[in-house]
Amino acid sequence: MIKIAPSILSADFAAMGEAVEQLGRWGADYVHCDVMDGLYVPNITFGQGMVAALKQRTDLPLDVHLMVEAPERHFDSFIDAGADILTFHVEACRHPHRGLQAIRNRKVKSGIVLNPGTPVQALDYLYEEADMILFMSVNPGFGGQAFIPSVIDKIEKAANEIARRNLRVEIEVDGGVNAKNARRLIDAGANVLVAGSAVFLSEDPAKTIKALRSGE
């Protein structure tokens, strides 16, 4: 099943509660929350307080993406705030294997993130500990960037390795995802598509989500 995880980074920050309620009505599967600290990436977005507030306004799972330095410092606080899925960057964590285990030990889905310039081989000893692998198809830190096509090859390699090991790991893609490239991503093996501008700037968000899910 293909899942759509609209990023609230593209929503109206003055009306976040209404935005996540709309995602439920539009047919989204996850709420993607991009947490930025101004260190790992230049921008600062929001933190645990926002996640806790959003948790009160939606029944959709909160897919919390930590774009922060030393993310392990924040695992417990974001889980306590209501994260259902917690992903962090392999490039930002000294001990990613331990980090994935720590998240799972809290009964939350664990995920590892790879930037466009990070080789897929960085996952070799992490697959068994991950419930989700998130491939960045833009460089992290800003919304509205253009899709980087080379990520498709990495998705295919990861999907083949997951199948070879007989694992159940979701493959998520974040950055420049729209109806024009959704089919290529799905065919490569992705089953969770993050879309920000494509959904929130759409004239018909529900129709856009349906189109993304079908790859049409």
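Biologist: Is Cys93 buried or exposed?

Modeller: This is a predicted model, where local features need pLDDT of at least 70, side-chain atom pairs count only at pLDDT 80 or more, and totals for chains, interfaces and linings use all residues. Residues are numbered from 1 along each chain as its sequence is written, and side-chain values use heavy atoms, with hydrogens and water left out. Buried means under 20% relative accessible area, exposed over 50%, and partly exposed in between (1.4 Å probe, protein chains only). Cys93 has a relative accessible area of 7%, so Cys93 is buried.

Biologist: How many disulfides does a search of the whole structure find?

Modeller: A disulfide is a covalent bond between the sulfur atoms of two cysteines. Here the term requires a pair of cysteine sulfur atoms within 2.5 Å. The search of the whole structure gives a count of zero.

Biologist: Which residue forms a salt bridge with Asp29?

Modeller: A salt bridge puts a side-chain nitrogen of Lys or Arg within 4 Å of a carboxyl oxygen of Asp or Glu. Asp29 is buried, at 16% relative accessible area. In this bridge, the closest N and O atoms are 2.7 Å apart. The partner of Asp29 is Arg213.

Biologist: Where does Asp80 lie, given that the pair with Arg106 ties together parts 26 residues apart in sequence?

Modeller: The side chains of Asp80 and Arg106 meet in a salt bridge, 2.7 Å from N to O. Arg106 is in the loop between H4 and strand E5 (109–114), whereas Asp80 lies in helix H3 (residues 75–81). Helices (H or I, at least four residues) and strands (E, at least two) are DSSP runs, numbered from the N terminus. So the place of Asp80 is helix H3.
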